[in-house]
Amino acid sequence: MGSDVRAITDEEVLGVVISGLPGFRNTEQLTPQSDLWAAGMDSLSNISVMVAIEGEFDIEFPDEFLTPEVFTSAANIAEAVRAILGGRTG
Amino acid sequence: MVADRRADIPFEAWGGADPQYGRLTCGQRFIWDIIADLAPNDEHLNSELLLDVPGGTELEVVLRSVRALVERHASLRTLYTVDEEGEPVQQAHARGTIPVAVIDTEEDAERVAEETARASAGERFCLDAELPVRFSVVTQEGAPRVLVLVLSHIVVDIWGLRLLVEQTGRLLEGQHPDDVLPADPWQPLDQLAYEESPAGRRKLERAHRFLRESLADVPAGPFPDSARVRPQPNRYWMGELLSQAPDKAARLLARHLGVSASSVLIAVAAITLHRLCGVTEFGFSLRTLNRYDARTQTAVGHYSQELPLVLRRLDRELPDIAGEVQRSAVSMLRCPYYWPPEMRRIREEAVPPARSNATINYIGKPGGGPAEAEDIPAAELLADAGNARFRWLFEHSEEKIQFLLSSHPRSLSCLVDTAFLPPELAERYLRTVQDSLVDLALSAVHGH
């Protein structure tokens with residue numbers, strides 16, 4: 001909450017992504033660059049990830065961010081979060 | 001069915017000694033309002049679960065399983081009343097007894113269990129006076145054969161039902177409750193506390209904002225007045241196409257198009273309404289599971305609600321419409337909780353008032369998202385479609401909606417207002433949705 005945009009790391013976002021995927025196996029093998037769709041994320045669990053990220057960082061994804069590409073990896077999501085928080089403060 | 005005897009099992013709540021009170025959660029209030037609207041004829045909303053008891057299991061193990069479920073899941077020991085202001089409230093009891101009917105039979109235990117379930121589910125729940133779940137055990141020569149649960153819809157949506165099936169099955173196998181049941185399950189009053197927290201309130205406000213924008217744009221009922229015909233004496237009919245083909249084809253197409261199976265099903269349902277019934281714009285409510293918050297995924301409770309969607313220009317191709325459904329659904333499902341009385345107010349304030357006359361309910365295969373969809377051979381799809389069997393389930397004189405389409409892994413069902421979809425057209429509608437899905441899947445995925 002009230003996250004500092006500079007402090008948000010890809011690894012931190014990966015942790016939130018994994019918390020949004022409680023039924024997933026082998027999450028310890030995921031890295032920030034892992035393809036989440038290839039790892040088994042579907043449209044349902046994608047929304048769980050979105051909800052977890054929005055809750056953790058107290059943000060709302062604008063519609064233009066709701067694309068499969070943004071949610072391809074934790075690193076991409078982290079970039080989006082930083083952009084949203086940067087836009088809010090800047 | 002008369003029970004031979006009744007076992008009263010004492011329970012003591014997991015993690016708390018005092019009863020807990022609160023207003024209803026958004027999901028509970030949603031189903032409470034539906035039950036209240038239908039009362040006193042709401043018993044068809046009750047759910048039945050029949051679980052085979054493994055051979056050699058003692059009755060004591062079955063009763064211990066029942067007790068463990070009730071102690072761990074607060075929704076199974078919650079009563080509902082109305083306060084002085086007419087608002088429904090819940091009270092999760094910490095102690096009490098669970099009445100379990102024990103029926104010993106020399107006849108076929110499965111059949112007796114089915115009759116027991118049907119008789120029990122045929123009686124409406126007094127939600128202010130009895131536990132919202134009824135247990136019966138069918139035994140033969142004292143050995144338990146089938147455990148029957150009948151649940152009020154306020155206790156479970158389809159997600160909660162699946163959790164109960166899985167957990168009860170493992171308990172009946174003799175597994176220890178601590179190995180089966182979540183140590184700290186998310187309870188209805190946890191959900192209420194979240195909804196009343198600053199973060200939860202922000203989400204609610206966002207959902208209501210979304211509803212105000214969406215409901216300003218919802219067309220009146222799905223059917224044009226020109227389609228009106230003389231209705232049947234019992235105006236509302238529910239029919240079911242028993243077939244796995246629609247769900248399998250939707251999942252295959254979903255993977256091919258990169259969208260969800262529900263988006264495919266909704267798109268084909270809308271296109272078929274356009275082609276068969278002259279519907280030009282389709283406004284409907286999409287029933288959503290609301291289990292996107294990971295904490296809620298261990299919860300036995302009712303979280304499901306409905307969100308509005310409108311599809312226009314139904315003469316477009318499937319990928320175009322399914323993609324639109326997918327984008328709209330992803331956008332709205334981020335804030336799916338809303339307070340039903342507020343939703344009603346927003347509906348009434350819309351110009352013209354936004355009536356909800358159509359609903360789609362997609363219940364997919366557990367764990368069956370596009371990423372997990374197995375390859376389904378063309379021959380299997382064709383065989384499933386060829387074996388499809390249609391039947392009418394019931395007729396009602398009163399309903400709140402004109403059209404309800406439900407998709408399950410093994411069936412596609414439809415509640416219709418026969419003033420707009422006469423019975424023969426309703427059957428043709430379900431068969432056309434199935435055949436369209438299969439044709440599209442064979443063409444897109446199998447190159448036929």
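This is a predicted model: local features need pLDDT of at least 70, side-chain atom pairs count only at pLDDT 80 or more; totals for chains, interfaces and linings use all residues.
1. Who takes part in the contact? Chain A puts in 19 residues and chain B puts in 20. On the polar side of things, 6 residue pairs are in polar contact between chain A and chain B, counting pairs with both residues at pLDDT 80 or more. Helix H2 of chain A, residues 43-57, gives the most to the side of chain A that touches chain B, namely 7 residues. Sorted by class, that side of chain A has 9 nonpolar, 5 polar and 5 charged residues.

2. Now the charges. The rule finds 4 salt bridges across the interface of chain A and chain B. One of them to click on is Glu60(A) with Arg206(B), where the closest N and O atoms are 3.4 Å apart. That pair qualifies because the cut-off for a salt bridge is 4 Å.

3. A quick look at Gly15(A), which sits in helix H1 of chain A, residues 10-19. Is Gly15(A) buried, exposed or partly exposed? Its relative accessible area is 39%, so it counts as partly exposed, the range between 20% and 50%.

4. Over in chain B, have a look at Gln187(B), in the loop between helix H5 (177-180) and helix H6 (188-196). Gln187(B) has a relative accessible area of 14%, and it is called buried because that is under 20%. Its neighbours, leaving out residues up to four places away in sequence, are Arg72(B), His73(B), Ala74(B), Ser75(B), Arg77(B) and Tyr303(B). With Ala74(B) there's a polar detail too: a polar atom of the Gln187(B) side chain lies 3.0 Å from the backbone nitrogen of Ala74(B).

5. Last, a helix pair in chain B. Helix H8 (residues 245-257) and helix H12 (residues 378-386) pack at an angle of about 150°, their axes being 9 Å apart. From H8(B) come Ala245(B), Lys248(B), Ala249(B) and Leu252(B), which meet Glu380(B), Leu381(B), Asp384(B) and Ala385(B) of H12(B). By class, this contact has 5 nonpolar and 3 charged residues, and no polar ones.

Note on methods:
Residues are numbered from 1 along each chain as its sequence is written. Chains are lettered from A and ligands numbered from 1 in the order in which they are written. Side-chain values use heavy atoms; hydrogens and water are left out. Helices (H or I, at least four residues) and strands (E, at least two) are DSSP runs, numbered from the N terminus. Buried means under 20% relative accessible area, exposed over 50%, partly exposed in between (1.4 Å probe, protein chains only). Contact means heavy atoms within 4.5 Å. A salt bridge is a side-chain nitrogen of Lys or Arg within 4 Å of a carboxyl oxygen of Asp or Glu. A polar contact is a pair of N or O atoms within 3.5 Å; within protein, one must be able to donate a hydrogen and the other to accept it, and residues adjacent in sequence count only if both atoms are side-chain atoms. Ala, Val, Leu, Ile, Met, Phe, Trp, Tyr, Cys and Pro count as nonpolar, Asp, Glu, Lys and Arg as charged, and the others, Gly among them, as polar. Axes are lines fitted to C-alpha atoms, for helices over the stretch in contact, and angles run from 0 to 180 degrees between N-to-C directions.
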